[in-house]
Amino acid sequence: MNMKQSVIALSIALAAPISQAGEVEVLHWWTSGGEAKSIGVLKDMLEDQGHSWKDFAVAGGGGESAMTVLKTRAVSGNPPSAAQIKGHDIQEWGELGFLTDLDGVASAEKWDAMLPSVVSEVMKHDGKYVAVPVNVHRVNWLWANPEVFEKAGAAVPNSIEGFFAAAEKIKAAGLIPLAHGGQPWQDATLFEAIALDVLGSEGYNKAFVEHDLEVLGGEKMVETFEIFKRMRSYIDENSPGRDWNIATSMVINGEAAMQVMGDWAKGEFAAAGKKAGEDFICAPAFGTADQFTFNIDSFAFFKIKEGDNVTAQKNLASTILTKDFQEVFNLNKGSIPVRLDMSMSAFDSCATAAMDSFKATAESGDLVPSMAHGMSTTSYVQGAIFDVVTNYFNDDNANPNEAVDKLVRAVKSAL
Ligand code: GAL
């Protein structure tokens with residue numbers, strides 16, 4: 001190589017990574033121990049590709065605060081590259097014209113063949129990919145501390161009546177039966193687990209997907225509200241405002257026996273070094289062993305200025321669906337991979353049970369979208385349901401028949 005050639009070679013070598021390196025700014029609400037570890041995996045993988053990561057974390061489980069902040073940023077013409085947006089909200093952002101088309105990456109990497117159609121449909125707006133799924137969470141789980149059960153001489157329940165029997169014993173032993181955080185989305189998470197059992201999968205879908213007013217106002221819904229209220233007496237008085245991961249830590253440290261929460265709770269057990277089946281038990285909530293309430297996390301991608309940041313944005317989209325990312329991220333997060341073509345050998349018994357159930361319920365019709373996590377309906381209807389559910393739960397004198405009437409009226413006016 002002569003001098004001129006080596007200068008050219010050197011300048012190409014130096015220029016290549018620099019000209020491709022961009023920045024991604026990513027909005028999310030993953031700030032608990034397990035969640036932060038999980039999103040850290042994505043940051044590391046992006047940085048390994050030479051890009052820089054600007055973290056835009058807005059604390060608050062369930063993402064309500066994050067969505068408020070995102071709206072302000074997007075409306076002021078300065079959206080992040082990607083934001084944690086899920087379910088029906090993806091369509092709402094798509095309608096407003098904020099999202100970018102990822103079909104180039106999607107067709108090159110064959111996303112349609114890789115993803116179950118129940119997932120890919122949600123990620124598309126006007127037939128084009130605008131979002132990328134990261135995982136599948138099962139929401140209808142009950143997390144239990146076996147030592148607490150042993151102390152109280154109680155058995156981990158697999159039915160609603162079993163829950164009350166165990167809760168009585170645990171209370172009598174001076175321990176907290178149910179760890180709960182009094183926030184609307186957590187109230188709704190507990191409520192929908194009861195509704196799934198009482199209404200059955202078909203009734204659940206009629207109520208929360210189709211908004212069938214007869215089911216929303218029916219006997220079974222009254223029963224759901226009654227059971228929901230009975231559970232209140234097994235929650236400690238410090239629950240108002242408590243974050244979900246603080247409730248999980250009460251189960252981890254043996255202060256409380258159980259929590260009804262999606263499997264992001266497992267991310268907290270894992271981050272605390274606890275082992276499934278030994279230190280903690282995962283059981284389908286109440287009588288819902290053959291049912292699966294799904295919550296799919298995803299990132300929607302925004303239209304941003306052309307240039308290196310667009311390259312970084314595309315690399316981010318493609319990284320999310322790699323097998324490497326899917327495995328490490330979901331091991332930390334407590335969820336299962338969204339790709340069905342992956343080996344589950346590195347995953348624990350809760351995750352393999354979730355994957356088996358995900359596949360089986362997709363066939364049986366018992367795979368239902370989570371209302372509490374924005375999968376079953378619009379944010380307007382969801383907000384209306386949250387208000388009724390939370391107000392009822394927190395009012396000692398509330399009447400279940402009146403709550404059901406309110407639910408019908410609230411849903412009707414939000415449609
Ligand atoms: C859900 C989200 C989960 C989990 C949870 C608590 O909405 O889908 O991934 O992080 O909030 O923050």
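**Exercise 1. What distance separates the centres of domain 1 and domain 2, taken over C-alpha atoms?**

Solution. The structure is a predicted model, in which local features need pLDDT of at least 70 and side-chain atom pairs count only at pLDDT 80 or more, while totals for chains, interfaces and linings use all residues. Residues are numbered from 1 along each chain as its sequence is written, and side-chain values use heavy atoms, with hydrogens and water left out. Begin with the bounds, which come from an automatic or database domain assignment: domain 1 is 22-136 + 296-353 and domain 2 is 138-294 + 359-414. The centres of these domains, over C-alpha atoms, are 27 Å apart. The contact between them (heavy atoms within 4.5 Å) takes 24 residues from domain 1 and 26 residues from domain 2.

**Exercise 2. Identify which domains supply the shell around the ligand, and its make-up by class.**

Solution. Domain 1 and domain 2 each contribute at least three residues to the shell. By class, the shell holds five nonpolar, five polar and four charged residues, where Asp, Glu, Lys and Arg count as charged and Gly is among the polar ones. Of the 14 residues around the ligand (a heavy atom within 4 Å), Glu-35, Lys-86, Asn-295, Asp-297 and Lys-333 come nearest.
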